[in-house]
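Trainee: I have a new structure open and I'd like to learn how to read it. Could you walk me through it, feature by feature?

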Amino acid sequence: MNGHNRLVRRNHTYYLRARIPTALVYLIHKSQFWYSLKTNNYYEALEKVRKESYKVDMKINLLRALDMKIKNKQLLLEDEDIDKMVIHKLREIEDVFENHYWEINEKHFDADNLLIFNKSQEVKQAKSEQELECVELFIKEYFNDLKEDKRTHRSVIKQIGRIDKEEIPIIADKSQPREDIIKTKNALKSVEKYILNKIVAIREDSGDNFNINGRVKRCLDVINAEKNEKARRPTVSTPWGKVFDEFALEKLNNRTGENTIKQNRQCLETIFEIIGKKYVESITYKDCQKVTRSVYNIPKKWKERYKGRKLSDLLSKKNDDAISLTSVKKYLRIFKEFMMFCKDNRYIPDSFQGDIKITKRKEVISIEPFSKDELKKIFDPMTYPRVMDIKYSYRYWIPLIALYSGMRLNEICQLYLDDIKVSKGVWYFDISDERKDQHIKNSQSKRLVPIHSKLLELGIIEYANKVREVKVNNKHQDRLFYQLNYSVKNHYIQAISQWFGRYLKKIGIDSRSKVFHSFRHTVKPYLRDAGISKEYQNLLCGWIGDDEGERTYGGNVSIKKLYSELSKLKYPFLNKNIDKIAAKNKIK
């Protein structure tokens with residue numbers, strides 16, 4: 001096999017051979033293109049045939065565009081003819097957008113030459129008749145493009161010449177234009193609107209987030225489909241899993257977590273199951289569209305629940321138990337990122353246009369803070385867990401630490417005993433990712449958090465000292481909440497997160513917007529109302545500050561000052577509850 005369906009070898013020389021559609025043979029009087037690539041080197045021939053094939057396809061498209069009706073000395077344009085002219089123009093401008101993207105982005109490119117109507121100030125203010133003159137000019141230029149192509153067959157040129165020779169007008173009567181001419185004008189105006197919107201989008205780097213006329217969208221789809229068809233390289237077959245290994249390595253180098261990479265692979269396994277292909281070179285525009293349509297119907301945990309069944313069978317109809325919109329967006333985002341990686345690393349050509357649209361719809365679920373009444377329920381002495389059971393003492397301490405610090409759940413769960421430090425009489429937690437099993441959200445999350453006076457009163461330091469004495473398998477424990485087990489996916493949070501969800505339901509707080517992370521949302525307004533400045537709020541809770549100076553120099557604040565600010569955080573309505581909890585657990 002020669003590696004390309006148009007590559008033929010004869011007498012040690014490679015040739016291009018391409019069939020001409022039967023319907024167009026009458027225009028060129030032959031059934032195929034056949035010419036030498038003037039090389040006997042396979043790889044050079046393969047490169048040449050790809051380039052020449054694109055030109056041949058363009059020539060065939062020009063022939064299709066020429067297949068118009070001339071009747072009663074008038075050129076009659078059908079909808080298909082109009083589409084062909086629109087496609088011809090869109091090909092031109094898409095090439096310009098691709099080759100001059102940064103010039104347009106930086107406003108160093110004069111895009112006026114792309115326009116159909118707005119070529120002069122007079123035409124910008126044109127009336128209907130002047131607009132028709134622009135339409136006529138465009139069609140003439142369109143025919144000239146056909147004639148100026150050096151590889152256009154003489155019979156094609158002759159066919160175009162008939163319009164001039166027989167003096168067939170493009171538009172017979174501009175005062176009363178035919179319906180097909182009006183359609184052509186409207187189509188070209190839609191193209192021009194697309195050009196102007198695209199230029200703005202490139203300059204603002206906002207993507208194609210604007211309305212595109214139906215005809216223009218349909219013609220763009222045709223162009224993208226053609227590009228993707230040419231993008232396929234049948235002789236090169238690289239399994240997506242092999243490419244993913246490179247993809248994963250790059251993400252690891254960019255400090256993406258192993259758990260995230262594992263999730264990425266799982267998502268792509270499902271995506272390629274939908275496509276039904278395993279080689280990245282074989283992915284087409286239609287495959288991308290299939291994924292975009294089908295991903296909404298993926299059943300939750302389909303591999304576990306539907307063992308032995310094909311995913312394609314499960315996607316045939318709408319699934320009432322489908323994955324959430326958040327998951328849909330994750331699948332599509334990962335797929336798009338992976339395909340762009342394939343493109344950047346030359347597994348698929350630069351011309352590949354997947355058009356993977358990520359939904360902008362959002363689930364109406366947002367994390368809300370706990371109200372005063374809800375906090376009273378959570379810290380009710382009758383229901384709140386006891387500290388005496390060392391196996392589950394984390395259930396006692398972790399919600400209290402969150403309430404009086406605003407720390408993230410995993411930041412609390414991953415604390416080591418030596419992360420509890422004292423400086424100048426101030427106890428504090430040292431939040432970092434120094435160990436392999438410690439993870440922080442961003443650079444701002446690495447911080448020192450003073451231990452609130454209320455936690456000191458409750459005996460957090462004494463508890464830490466007791467943990468130091470605990471032995472498991474004759475080994476002293478080095479983590480504050482050593483009872484929690486680590487997993488790549490959830491780190492240390494799984495047990496406490498699941499328990500806290502059950503606990504909320506048990507005490508009557510049964511809302512998807514109320515979870516453990518609600519403590520973090522709860523702390524923020526109380527910090528604000530206590531008069532703690534935004535700068536100190538960000539330093540204490542690890543939020544990213546708005547001001548560059550704050551982000552750069554904020555870490556120089558002394559631990560004493562941070563403790564003084566955090567001590568302002570109080571919940572007077574909870575004091576009785578907390579005191580009763582302390583007394584019940586004999587901490588005081």
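Predicted model: local features only at pLDDT ≥ 70, side-chain atom pairs only at ≥ 80, totals over all residues.

Trainee: How many helices and strands does the chain have?

Mentor: The secondary structure comes to 26 helices and 10 strands. Helices (H or I, at least four residues) and strands (E, at least two) are DSSP runs, numbered from the N terminus. As for contacts, meaning heavy atoms within 4.5 Å, residues 24 or more positions apart account for 67% of those with a separation of 6 or more.

Trainee: How do I read a single helix?

Mentor: Here's the general idea: an α-helix has 3.6 residues a turn, so residues three or four places apart point the same way. Now take H10, residues 240–253. This helix has 14 residues and reaches 20 Å from its first C-alpha to its last, close to the 20 Å expected at 1.5 Å a residue; the expected span is 1.5 Å times one less than the number of residues.

Trainee: Which residues of H10 are buried?

Mentor: Those are Trp-240, Val-243, Phe-244, Phe-247, Ala-248 and Lys-251. They cover an arc of only 145° around the axis, which puts them on the same side of H10; the arc is that of the directions from the helix axis to the C-beta atoms. Lys-242, Leu-249 and Asn-253 are exposed on the other side of H10. What covers the buried residues includes helix H11 (258–275) and helix H15 (325–344). Just after H10, Arg-255 takes a positive phi of about 70°.

Trainee: And what about H23: which of its residues are buried?

Mentor: For H23 they are Tyr-536, Gln-537, Asn-538, Leu-539, Leu-540 and Cys-541. That is 6 of the 8 residues of this helix (residues 534–541), so H23 is largely enclosed by the rest of the structure. Gly-542 follows H23, with a positive phi near 80°.

Trainee: Is Lys-89 buried or exposed?

Mentor: Lys-89 counts as buried, at 6% relative accessibility. You'll find this lysine in helix H3 (residues 79–99). Leaving aside residues up to four places away in sequence, Lys-89 touches Leu-114, Ile-116, Phe-138, Val-191 and Ile-195.

Trainee: Now the sheets. What should I look for?

Mentor: In general, strands of a sheet pair through backbone hydrogen bonds, either parallel or antiparallel. Here, two strands pair if DSSP finds at least two bridges between them.

Trainee: How many bridges pair S1 with S2?

Mentor: There are 4 bridges between S1 and S2 (residues 13–19), in the antiparallel sense. Arg-10 has Thr-13 in S2 as its bridge partner. Asn-11 sits in the loop between S1 and S2; its phi is near 50°, a positive value in a residue other than glycine. Asn-11 counts as exposed, at 72% relative accessibility.

Trainee: What is the strand order in the open sheet that contains S7?

Mentor: The order is S6-S7-S8, and these 3 strands pair antiparallel. Strand S6 (420–423) and strand S8 (447–450) are the edge strands, each pairing on one side only. Neighbouring strands here are turned by 40° against each other on average, direction ignored. S6 is joined to S7 (residues 426–431) by 4 bridges, and Val-422 has Trp-427 in S7 as its bridge partner.

Trainee: How many disulfides are there?

Mentor: The count is 0, taking a disulfide as a pair of cysteine sulfur atoms within 2.5 Å. Cys-267 is buried, with a relative accessible area of 3%.

Methods
Residues numbered from 1 in each chain as written. Heavy atoms only, no water. Buried < 20%, exposed > 50% of the residue type's maximum accessible area, 1.4 Å probe, protein only. Axes fitted to C-alpha atoms, helices over the stretch in contact; angles between N-to-C directions.
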